[in-house]
Amino acid sequence: MSRAFEPVTIGRYTARNRVVMAPMTRSRAHGPGASPTELMATYYGQRAGAGLIITEGTQPSAVGQGYPNTPGLHTAEQVEAWRPVTAAVHEQGGLIFAQLMHTGRIGHPEIYREELTPVGVSPVRADGSVYTANGPREFVTPEPLDEAGIRQTIADFASAARNAIDAGFDGVELHGANGYLLHQFLATNTNQRDDAWGGTVEGRIRFVVEVTEAVVAAIGADRVGLRISPSNPYNDIVEDDHRETYRALLGRLDPLGLAYLHVGEGPDTEFTDELRERWSGTLILNPFTPGGYTGAEALKLVDTGAADLVSYGALFLANPDLPYRLQVGGPFNTPDYTRAYGGDHEGYTDYPTLAEAGEA
């Protein structure tokens, strides 16, 4: 049997297997003030057989929201609404981390519930558009964060991490990947600053380092994970020197003793082995699968030692009992992408388990 079904240490916890539910935006936070709903508690509870669940991207502040109906962790109302979600997972013996995602320049003023403009590292507009209640809208030029804004954003991450623990989460994952704010500080095309927060590799990694340090101080290193995606061009990102950047970043963060590093593998797959060597703690890998999604064959990455755990997105979307299906060799439900974002229970909580399919 694959080592993927053996326990593994994640910070202060022991996960029962090495199959991780990757963070996936589903845009179903229809509760008051961008709050989770009872349906979300059902959704995550169904998938509690994962060794670790990492939630959909959750904004640490109002201006950190980039998509419609994504949940937050910055108000008392949101904290209260998350508690049934974490309870549903814990009742099944699962572990759940909240992914804290500030989208930065990715978003649009029409998405906010108040009058705001997206903020970013530099006044550089992303190429592309985002869906809003009024249809697609092109990204706007963000307001560059000044020193006070940077300090407030760091404090927002720390506050959201404390809120996550208050809401019953086992920990948090900082989203430093996929072209969102932390990644925007790292990337050469989005970070055009010439102050201490840019200009050099040390300057560009500073924000990620200080956010991580602040969150560690707030809730403890063994409850904090970080997701990165070196060389990933998603959301109009260019990293001219990604290997040098991430070598420096890991050099600063590895000594902190984080719960894990989550690598969303980009086109430079050869660099993954070096990241593995440079990271002394637990490593979760989401393999690079252009034009497809991570399948059962990815379990060999655990068996070969390339990663400690493997994260699954699309297959977990469609298969609430994915670890069991992987263990017995399938079959697997096919994801319905037409119902991936927004809507009700259809394409969300109505995917059958193998047992339910057998009964049917």
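Trainee: Which residues touch the most other members of the largest nonpolar core?

Mentor: This is a predicted model, in which local features need pLDDT of at least 70, side-chain atom pairs count only at pLDDT 80 or more, and totals for chains, interfaces and linings use all residues. Residues are numbered from 1 along each chain as its sequence is written, and side-chain values use heavy atoms, leaving out hydrogens and water. A nonpolar core is a set of buried Ala, Val, Leu, Ile, Met, Phe, Trp, Tyr and Cys residues joined through side-chain atoms within 4.5 Å, where buried means under 20% relative accessible area, exposed over 50% and partly exposed in between (1.4 Å probe, protein chains only). The largest such core has 83 residues, and those touching the most other members are Tyr44, Leu73, Leu174, Phe207, Val215, Leu249 and Tyr312.

Trainee: Which element gives the most to this core?

Mentor: Helices (H or I, at least four residues) and strands (E, at least two) are DSSP runs, numbered from the N terminus. With nine residues, the element that gives the most to this core is α5.

Trainee: At what angle do α3 and α5 pack?

Mentor: Axes are lines fitted to C-alpha atoms, for helices over the stretch in contact, and angles run from 0 to 180 degrees between N-to-C directions. Residues including Ile150, Ile154 and Phe157 in α3 meet residues including Phe207, Val211 and Val215 in α5. The axes of α3 (residues 147-166) and α5 are 9 Å apart, and the angle is about 35 degrees.

Trainee: Is the crossing of α5 and α6 left-handed or right-handed?

Mentor: The axes of α5 and α6 (residues 242-253) lie 10 Å apart. Among the residues making the contact are Ile205 and Val209 of α5 and Ala248 and Leu249 of α6. A crossing is left-handed if the near helix is turned anticlockwise from the far one by less than a right angle, and right-handed if clockwise. The crossing of α5 and α6 is right-handed.

Trainee: Why does Arg193 count as buried?

Mentor: Arg193 sits in the loop between α4 (181-186) and α5 (201-219). Its contacts, not counting residues up to four places away in sequence, are Val121, Ser122, Leu145, Ile150, Gly198 and Gly199. Arg193 counts as buried because its relative accessible area is 13%.

Trainee: How far is the backbone oxygen of Leu145 from a polar atom of the Arg193 side chain?

Mentor: A polar contact is a pair of N or O atoms within 3.5 Å; within protein, one must be able to donate a hydrogen and the other to accept it, and residues adjacent in sequence count only if both atoms are side-chain atoms. The backbone oxygen of Val121 is 2.9 Å from a polar atom of the Arg193 side chain. For the backbone oxygen of Leu145, the distance is 2.8 Å.

Trainee: What is the relative accessible area of Asn235?

Mentor: Asn235 lies in the loop between β11 (224-228) and α6. Its phi is positive, about 60 degrees, although Asn235 is not a glycine. Asn235 is buried, with a relative accessible area of 12%.

Trainee: Which peptide bond is cis, with omega near 5 degrees?

Mentor: Most residues other than glycine have a negative phi, and most peptide bonds are trans. Pro331 is in the loop between α10 (322-328) and α11 (354-359). The cis bond, with omega near 5 degrees, runs from Gly330 to Pro331.

Technical notes: Contact = heavy atoms within 4.5 Å.
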